[in-house]
Amino acid sequence: MVILGCLALIILPLIGFVIGSYLDGVQVGIWAALGGFGLAVLACAISVTALVKARPPH
C-alpha cells in the first residue's frame, strides 16, 4: 500500500502534465501536474495512516 502511494507521487503528476498540456498548453499542464501531485500526497498520507493504524499496540 505504501509502494502504491509512493509510485503515485511520480505517476500522477506526470499524467496530469501530459493531459493538461494536450488539452490546453503548458500552463494548464503545470496546474494539472500540481493537482496530480496533491492527489498523490493525499493517497500517500492515507496509506501511511492505514499502515500506522494496522501496527500492533505496544
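Helices (H or I, at least four residues) and strands (E, at least two) are DSSP runs, numbered from the N terminus. The model is predicted, with local features requiring pLDDT of at least 70 and side-chain atom pairs counted only at pLDDT 80 or more, whereas totals for chains, interfaces and linings use all residues. Residues are numbered from 1 along each chain as its sequence is written, and side-chain values rest on heavy atoms, with hydrogens and water left out.

**View 1. Overall form of the predicted protein.** The secondary structure consists of 2 helices and 0 strands. Along the principal axes, the C-alpha atoms occupy a box of roughly 50 × 15 × 10 Å. Of the contacts (heavy atoms within 4.5 Å) with a separation of 6 or more, 53% join residues 24 or more positions apart. The accessible surface (Shrake-Rupley method, 1.4 Å probe; for residues, only the protein chains shown count as cover) is about 4500 Å², and carbon and sulfur atoms contribute 81% of this area.

View 2. Helix α2 contains 29 residues and spans 41 Å from its first C-alpha to its last, close to the expected 42 Å at 1.5 Å a residue; the expected span is 1.5 Å times one less than the number of residues. Its buried residues (under 20% relative accessible area; exposed is over 50% and partly exposed in between, with a 1.4 Å probe and protein chains only) are Gly29, Ala33, Gly36, Ala40, Cys44 and Ser47. In the protein, buried residues make up 19% of the 58 residues.

**View 3. Leucine 51 in helix α2.** Leucine 51 lies in helix α2, which covers residues 26-54. Leucine 51 counts as exposed because its relative accessibility is 52%. Its C-alpha atom is separated by 37 Å from that of valine 26, 25 residues apart along the chain.

**View 4. Alanine 8 in helix α1.** Alanine 8 belongs to helix α1 and counts as buried because its relative accessibility is 13%. Not counting residues up to four places away in sequence, alanine 8 touches Pro13 and Ala40. The C-alpha atoms of alanine 8 and alanine 43 are separated by 7.6 Å, although these residues are 35 residues apart along the chain.

**View 5. Isoleucine 15 in helix α1.** Isoleucine 15 is located in helix α1, residues 2-24. With a relative accessibility of 43%, isoleucine 15 counts as partly exposed. Isoleucine 15 and glycine 36 are 21 residues apart in sequence, and their C-alpha atoms are 7.6 Å apart in space.
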